[in-house]
Amino acid sequence: MKLLLGENELDGIIPSSISNASKLAFLDLSDNSFTGFIPSSLGNLRHLQGLNLANNHLTIESSTSESSFLTTLANCKELRKVVLSGNPLNITLPTSIGNLSTSLEQFLANNCNSKGIIPREISNLTSLIALNLANNQFSGNIPTTIGKLEKLQVLYLQGNKLQGTIMYDLCRLRSLAYLSFGGNKLVGSIPECLGNITSLQSLNLSSNNLNFTIPSTFWNLKYILTISMSSNFLSGFISSDIGNLTVAENIDLSSNKLSGEIPSSIGNLESLTHLSLAKNGLHGPIPESISFLKGLEFLDLSYNNLSGVIPKSLEKFLYLQHFNVSFNGLEGEIPNEGPFSNFSAKSYMMNYALCGAPRLLVPHCKSGTGAQPRFVFILKLTISLIVSILLVYYILLWSKFRKRNMPSIAPNLSLKTSFPSTVLNRRYTYLEFQQATDWFSEDNLIGIGHFSSVYKGKLKDGKEVAIKVFNVEEETSLRSFDLECEVFSRVSHPNLVRTVCISNSINFKALVMEYMANGSLEKWLHTHKYDLDILQRVDIMIETAKAVRYLHQRCIIHCDIKPSNIILDEDMVAHVSDFSIAKIQPVSRIRTIQSKLMCTIGYVAPEYGRYGIVSASMDVYSFGILLMETFTGKKPTHEMFTGEMNLRRWVIESLPCEVERVIDPSLLQTEEENNDVYMKCISSVMRLALICSAESPSERLNMRDVEEKLNNIRFSTFR
């Protein structure tokens with residue numbers, strides 16, 4: 001039984017008689033204007049699984065420092081989610097919080113004006129996945145017992161008054177993905193073992209009193225997306241190993257005491273959009289390799305001791321909106337093309353000898369200024385190209401020699417350790433794969449494609465995998481295998497499927513990938529016994545957009561974006577799969593002509609069907625169709641689409657006033673039918689889908705903009 005009254009204009013008090021609804025399982029009164037005390041009688045709802053009271057004006061009645069309401073919730077043994085965020089509770093967390101249901105997965109009480117210490121007993125909640133106590137007035141040390149919450153994926157404690165050090169017990173949380181301790185009073189060093197939590201995607205340690213150096217192990221976090229360590233007292237050099245963080249999107253190390261030069265390896269961070277190294281003691285030149293960060297939007301190197309020139313190659317940036325190198329020792333001509341035509345004098349104040357346009361309040365450049373740096377750059381570039389060509393030639397020779405001397409039987413299947421996504425480090429035999437799949441039994445067959453079959457398997461160490469076996473007797477299948485190997489050697493991203501190992505023998509070729517427990521998005525959209533709510537669908541689309549954007553940044557076009565190629569792991573996180581017909585483009589070309597790709601009808605862009613043109617816009621078109629299918633529940637090949645009527649036209653005719661007509665019926669059953677917020681969300685998604693699937697490629701957005709708009713839609717709907 002559910003009572004869902006969130007996001008209305010309800011006020012008054014919550015009646016204690018609500019506990020008479022004894023079979024109530026989900027109670028949502030969030031985002032209203034309720035006042036008064038939270039009734040302790042809620043503890044009588046013995047079947048309660050979810051309680052959401054967020055963003056009201058509620059307080060807790062308590063004659064002692066411990067809350068009677070939270071104490072009574074211990075009676076709800078099936079409780080899985082408690083959300084109290086955004087209420088002026090003004091309480092101290094009771095030690096009895098440890099008596100809450102052992103099934104509790106989420107406890108969210110941020111922005112509640114809570115105080116006191118975080119009780120050690122919180123470690124009793126062993127099923128906890130998300131703990132958010134941010135923006136309160138908690139003091140004292142972070143309890144070491146938190147290290148016992150081994151399932152924890154989200155830990156938000158920022159914006160409190162916590163003291164002491166970051167405990168080493170934290171490193172036991174091997175599933176942790178989001179960690180935020182920013183805005184506290186923490187001291188000491190960053191634990192070295194933090195680099196062993198390879199699942200970390202976001203780390204915020206900003207605005208504390210941390211000192212010493214950034215531990216070398218930190219650069220092992222190859223899948224981290226966001227890093228903020230600003231406003232501390234960190235010292236030492238920035239390691240060249242920062243280049244290992246190849247999927248990082250946001251790095252802020254500003255306002256510390258870092259020294260040395262900016263390592264050239266920073267150019268490896270091709271996904272980076274935000275980089276701030278301001279207010280440190282860095283010296284030396286701005287490395288030319290920064291120009292490789294094609295997606296950079298924010299770059300702040302101000303208040304350092306940098307010298308030399310501003311690389312003219314930065315003019316090639318397409319998305320740069322903020323640039324600041326003020327208060328350094330730079331010299332030479334300020335670039336004036338590309339994004340630099342938009343920056344003001346504030347970006348260049350107090351440097352040694354910069355020159356350029358009068359509007360920048362610097363001297364006019366004399367004839368020949370900057371010629372020497374350009375010559376040096378050209379010389380360096382020429383040498384780099386020669387070395388790269390020789391290196392590629394050597395690798396090709398080595399590869400041919402290796403293939404020529406490969407054994408003619410299939411038992412030993414070696415791991416391709418050059419892959420960034422490799423997670424195991426051993427060899428497997430063909431027999432082991434047979435045993436893992438019960439001799440490739442049809443019962444373990446989970447998918448069949450143009451060139452391969454995919455089997456579920458369980459290795460001897462207990463790891464579940466998906467084994468994609470290619471037909472070695474067909475040339476097109478072999479080319480597909482080589483292509484997927486090439487793609488996997490170039491990519492590493494949390495929203496792409498990851499390889500465990502690769503078999504590349506003559507008689508058996510296979511990719512062994514991590515098994516995704518929840519199967520494909522297609523199954524969830526088109527099988528009656530599976531349901532996705534609106535938030536889940538939005539999140540899956542955002543995660544898919546991130547993966548496709550990442551591929552495009554590496555000049556890889558997927559060419560087959562569709563629900564069956566979006567795989568969901570046990571946490572319902574999306575992973576893009578199947579690169580069997582992907583196209584790897586040269587950096588210098590924005591499109592190619594390809595006539596024999598086996599694209600899926602209904603998802604393929606019109607310019608490919610007419611002219612065989614392959615470009616990143618082709619994936620954007622497919623993504624637009626995917627968006628429509630995800631929220632309408634209709635495939636583009638549905639029998640209702642005949643003649644001039646197709647999925648896109650059907651959606652166009654529903655906007656702006658009849659979007660309910662095209663929404664997946666399962667959403668209308670699970671969400672409130674007249675909820676204007678959800679209708680606005682889906683309308684926004686549909687409008688975005690129509691732009692993505694525009695007839696002309698020039699009218700479509702790029703995937704960066706698509707991801708940004710989806711994030712904005714999510715924020716405005718589910719904030």
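Biologist: Arg714 and Asp539 have their closest N and O atoms 2.5 Å apart. Why is this pair called a salt bridge?

Modeller: A salt bridge is a side-chain nitrogen of Lys or Arg within 4 Å of a carboxyl oxygen of Asp or Glu. The closest N and O atoms of Arg714 and Asp539 are 2.5 Å apart, so the pair is a salt bridge. Arg714 lies in helix α12 (residues 703–718) and Asp539 in helix α6 (residues 534–553), so this contact ties together parts 175 residues apart in sequence. Helices here are DSSP runs (H or I, at least four residues), numbered from the N terminus.

Biologist: Where do these values come from?

Modeller: The model is predicted: local features need pLDDT of at least 70, side-chain atom pairs count only at pLDDT 80 or more, and totals for chains, interfaces and linings use all residues. Residues are numbered from 1 along each chain as its sequence is written, and side-chain values use heavy atoms, leaving out hydrogens and water.

Biologist: What makes Arg714 count as partly exposed?

Modeller: Buried means under 20% relative accessible area, exposed over 50%, and partly exposed in between (1.4 Å probe, protein chains only). Arg714 has 28% relative accessibility, so the residue counts as partly exposed. Asp539, with 22%, is partly exposed too.

Biologist: Now for another pair. Arg549 forms a salt bridge with Glu707, the closest N and O atoms being 3.3 Å apart. How do you know whether Arg549 is buried or exposed?

Modeller: Arg549 has a relative accessible area of 7%, under 20%, so this residue is buried. Glu707 is buried as well, with 6%. Glu249, Arg549 and Glu707 are linked in a network of salt bridges.

How values were computed: Helices (H or I, at least four residues) and strands (E, at least two) are DSSP runs, numbered from the N terminus.
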